[in-house]
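Subject: Structure for your review

Dear colleague,

Please find below the sequence and the structure that I am handing over to you. My findings follow directly after it.

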Amino acid sequence: MSEFNSETDWKPPAKVETLYAATAGNKFADMNRPTAGARDERELPVGTAPVQLYSLATPNGHKVGILFEELELDYDAHFISFSKRDQFSKGFVDINPNSKIPAVVDRDGPGGEPLNLFESGSIMQYFAEKHGKFLPTDPRKRAECFNWIHWQMAGLGPMCGNFGHFFVYAPADKKETRDYGAARYGMEVQRLCSVLDQHLATTNAFMVGDEYTIADMVIFPWYHQLTVGYTHASGVNAAAFLSTDQYTHANAWADRLRARPQVMRGMKVTSGGVGKPWLEAKEEDKA
């Protein structure tokens, strides 16, 4: 443990609450609180389909949209507005007490009873198992598939999110803090992309050999975000900042997924405030 210099070194205050004001200027500062639970009594809209999806077109939301489109599920998609704090409504919290998207209600759950589902990895596993698709049947390959799902859930997703916060969303005047955060998480994101790239160099096409699985579906949206999203107000984007062009095997894999219509349609679910934008486009064409 390094020595502490009381004159020059940072010292934590007695309570973290003292520091809350320092987050002012963060795009999501007024959304964040240290407590859980509903903040209002609003209920959620409910459609007629057997599956009700409540989500937003972010990487975690994209995963479930992709799977539902690949499975050709009969589902209703409902846009959850962060600006309106829909995720803190009673209706949403009743489904997901953690107030994070995506959240799902399967009206035809075990025993024919409705089942609430939250956490994207859990949702993906549940529906893949229920429908018997996109999960390997071979025990070794199945275990490998789960290895990569949990790698994304514990590593790539959170680290990309932390990087994106400091790169794009943190208060503009916190220059030293943003340098540290962008460097710390940027380096870790590069390491994780290197893990992905080196693994894909050993497979035929997908994360589990030549078999397309939910492992591909959960990893792709976050890698896609790094290569086409996260643009700083100055115009610098994450792809250039992180030099993602160096990950040739990961980029080829991502292109294979982008070539699937179901993937790109799944990426559109709840985008622009609309559950399934392509359906509205068809209605407009008819008009």
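In which hand do α1 and α6 cross? The model is a predicted one, and in it the crossing of these two helices is right-handed.

**Helix packing**

Two packed helices are described by the angle between their axes and the distance between the axes. For helix α1 (residues 59-71) and helix α6 (residues 214-228), the angle is about 140° and the axes lie 8 Å apart. An angle of about 140° is the reason why α1 and α6 are oblique to each other. On the α1 side, the contact is made by Pro59, Asn60, His62, Lys63, Ile66, Leu67 and Glu70. Helix α6 contributes Ile214, Met217, Val218, Phe220, Pro221, Trp222 and Gln225. Sorted by class, the residues of this contact between α1 and α6 comprise 9 nonpolar, 3 polar and 2 charged.

A second pair consists of helix α3 (residues 120-131) and α4 (139-169). Their axes cross at roughly 155° and come within 10 Å. Angles over 145 degrees count as roughly antiparallel, and α3 and α4 are therefore described in that way. The crossing of α3 with α4 is right-handed. Ser120, Gly121, Gln125 and Glu129 of α3 make the contact with Arg142, Phe146 and Met153 of α4. The residues of this contact of α3 with α4 divide into 2 nonpolar, 3 polar and 2 charged.

In α5, the residues in contact are Leu196, Asp197 and Leu200, and they meet Thr248, His249, Ala250 and Trp253 in α8. By class, the contact of α5 with α8 has 4 nonpolar residues, 2 polar and 1 charged.

Rolling a probe the size of a water molecule over the atoms shows where empty space is left. The largest pocket holds about 1,400 Å³ of space. It is lined by 39 residues, and the closest to its centre are Phe28, Met31, Asn60, Phe82 and Lys100. Asn60 also belongs to the α1 side of the contact with α6. Helices α1, α4 and α6 each supply at least two residues of the lining of the largest pocket, and α4 provides the largest share, 8 residues. The lining of the largest pocket is made up of 16 nonpolar, 17 polar and 6 charged residues.

The second largest pocket has a volume of about 540 Å³. Of the 17 residues that line the second largest pocket, Leu19, Ala22, Thr23, Lys174 and Thr177 lie nearest its centre. The classes represented in the lining of the second largest pocket are 10 nonpolar, 5 polar and 2 charged residues.

Most residues other than glycine have a negative phi, and most peptide bonds are trans. Which bond joins isoleucine 101 and proline 102? The two are joined by a cis peptide bond, with omega about 0°. Proline 102 is found in the loop between α2 (90-95) and β3 (103-106). Serine 99 lies in the loop between α2 and β3 as well. The phi of serine 99 is near 55°, a positive value in a residue other than glycine.

Yours sincerely

Terms used
Residues are numbered from 1 along each chain as its sequence is written. This is a predicted model: local features need pLDDT of at least 70, side-chain atom pairs count only at pLDDT 80 or more; totals for chains, interfaces and linings use all residues. Side-chain values use heavy atoms; hydrogens and water are left out. Axes are lines fitted to C-alpha atoms, for helices over the stretch in contact, and angles run from 0 to 180 degrees between N-to-C directions. Helices (H or I, at least four residues) and strands (E, at least two) are DSSP runs, numbered from the N terminus. Angles under 35 degrees count as roughly parallel, over 145 as roughly antiparallel, 65 to 115 as roughly perpendicular and the rest as oblique. A crossing is left-handed if the near helix is turned anticlockwise from the far one by less than a right angle, and right-handed if clockwise. Contact means heavy atoms within 4.5 Å. Ala, Val, Leu, Ile, Met, Phe, Trp, Tyr, Cys and Pro count as nonpolar, Asp, Glu, Lys and Arg as charged, and the others, Gly among them, as polar. On a 1 Å grid over the protein atoms alone, a cavity is a set of points where a 1.4 Å probe fits but cannot get out, and a pocket is an open set with protein on both sides within 12 Å along at least five of seven lines; lining residues have an atom within 4 Å of a point. Grid points are joined across faces, edges and corners, and a volume is the space filled by probe spheres set on the points.
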